[in-house]
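Hello,

Here is the structure I said I would pass on. Please open it and keep it beside this message.

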Amino acid sequence: MKKLLICIGALLICAPILIAQAPVQTNIGVTSTIVANNTTPVTIKSTRGTVYNIEGFNKSTTPAYIKLYNILPTCGTTIPVARYQIPAANGLSGNILTINNVNGDAYFDGIYLCVTTGIADNDTTAPAASTYIVNIHFK
């Protein structure tokens with residue numbers, strides 16, 4: 001913790017105040033998935049876990065949607081816990097999605113993902129093969 005010296009008013013009464021800092025996360029794992037041409041669910045972790053960071057890479061002019069679940073889903077049927085869009089590429093370099101959460105999002109029964117090219121929860125449109133990459137940083 002850091003100390004900050006605060007002085008109040010004309011009398012310059014000073015007192016040290018402790019400022020809390022965000023905890024540093026350790027032992028965070030990462031899994032990287034080159035998305036296949038199907039909507040088969042990907043198991044990140046089959047037990048309780050926390051997601052700290054999500055990265056999505058897209059080299060297509062079609063956006064894709066990362067859908068995260070806390071139970072092994074049937075893609076297009078199970079309602080996701082969280083949804084993220086990987087934006088369409090805007091040139092030869094592609095496009096990137098980065099989500100950082102220092103506190104993490106808890107998944108009580110596991111961490112699973114599906115990737116589709118439709119935004120609706122019931123969408124089962126398979127993405128083009130080898131066009132999208134998803135990295136999940138988790139504990």
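This is a predicted model: local features need pLDDT of at least 70, side-chain atom pairs count only at pLDDT 80 or more; totals for chains, interfaces and linings use all residues.

Start with the open sheet of 4 strands in the order 3-10-5-8, where the pairing is antiparallel. Strand 3 (29-34) and strand 8 are the edges. Each has a single partner strand, so one side of each lacks a neighbour in the sheet. On average, neighbouring strands here are turned by 15° against each other, direction ignored.

Now the pairings. Strand 3 and strand 10 run antiparallel and are joined by 6 bridges. Within that pair, T31 has I136 of strand 10 as its bridge partner. Strand 5 is joined to strand 10 by 7 bridges, again antiparallel. There, G56 is bridged to V134 in strand 10. On to strand 8: 9 bridges join it to strand 5, and the two run antiparallel. F57 finds its bridge partner in I96 of strand 8.

How much of strand 5 is buried? The count is 9 of its 10 residues, so strand 5 is largely enclosed by the rest of the structure.

Strand 6 deserves a look. It is mostly covered, with 6 of its 6 residues buried. A64, I66 and L68 point one way; Y65, K67 and Y69 point the other way; all are buried. In general, side chains of a regular strand alternate between the two faces of the sheet.

Strand 6 pairs with strand 9 through 5 bridges, antiparallel. I66 stands opposite V115 of strand 9, and Y65 has T116 of strand 9 as its bridge partner. Strand 6 also pairs with strand 7, over 5 bridges in the antiparallel sense. K67 is bridged to R83 of strand 7 there.

Is T43 buried or partly exposed? Its relative accessible area is 42%, which means partly exposed. Leaving out residues up to four places away in sequence, T43 touches L72, I111 and Y112. The C-alpha atoms of T43 and G110 are separated by 8.0 Å, although these residues lie 67 residues apart along the chain.

**The core**

Which members of the largest nonpolar core touch the most other members? They are I66, L68, V134 and I136, out of 19 residues. Two or more residues each come from strand 5 (49-58), strand 6 (64-69), strand 7 (82-86), strand 8 (95-107), strand 9 (111-116) and strand 10 (132-138). Strand 10 gives the most, with 4 residues.

Neighbours within four places in sequence aside, V134 is in contact with T31, S32, T33, V35, E55, I66, I86, L113 and V115. I66 is on that list, and I66 is also one of the residues with the most core contacts.

Best wishes

Terms used. Residues are numbered from 1 along each chain as its sequence is written. Side-chain values use heavy atoms; hydrogens and water are left out. A nonpolar core is a set of buried Ala, Val, Leu, Ile, Met, Phe, Trp, Tyr and Cys residues joined through side-chain atoms within 4.5 Å. Buried means under 20% relative accessible area, exposed over 50%, partly exposed in between (1.4 Å probe, protein chains only). Contact means heavy atoms within 4.5 Å. Two strands pair if DSSP finds at least two bridges between them. Axes are lines fitted to C-alpha atoms, for helices over the stretch in contact, and angles run from 0 to 180 degrees between N-to-C directions.
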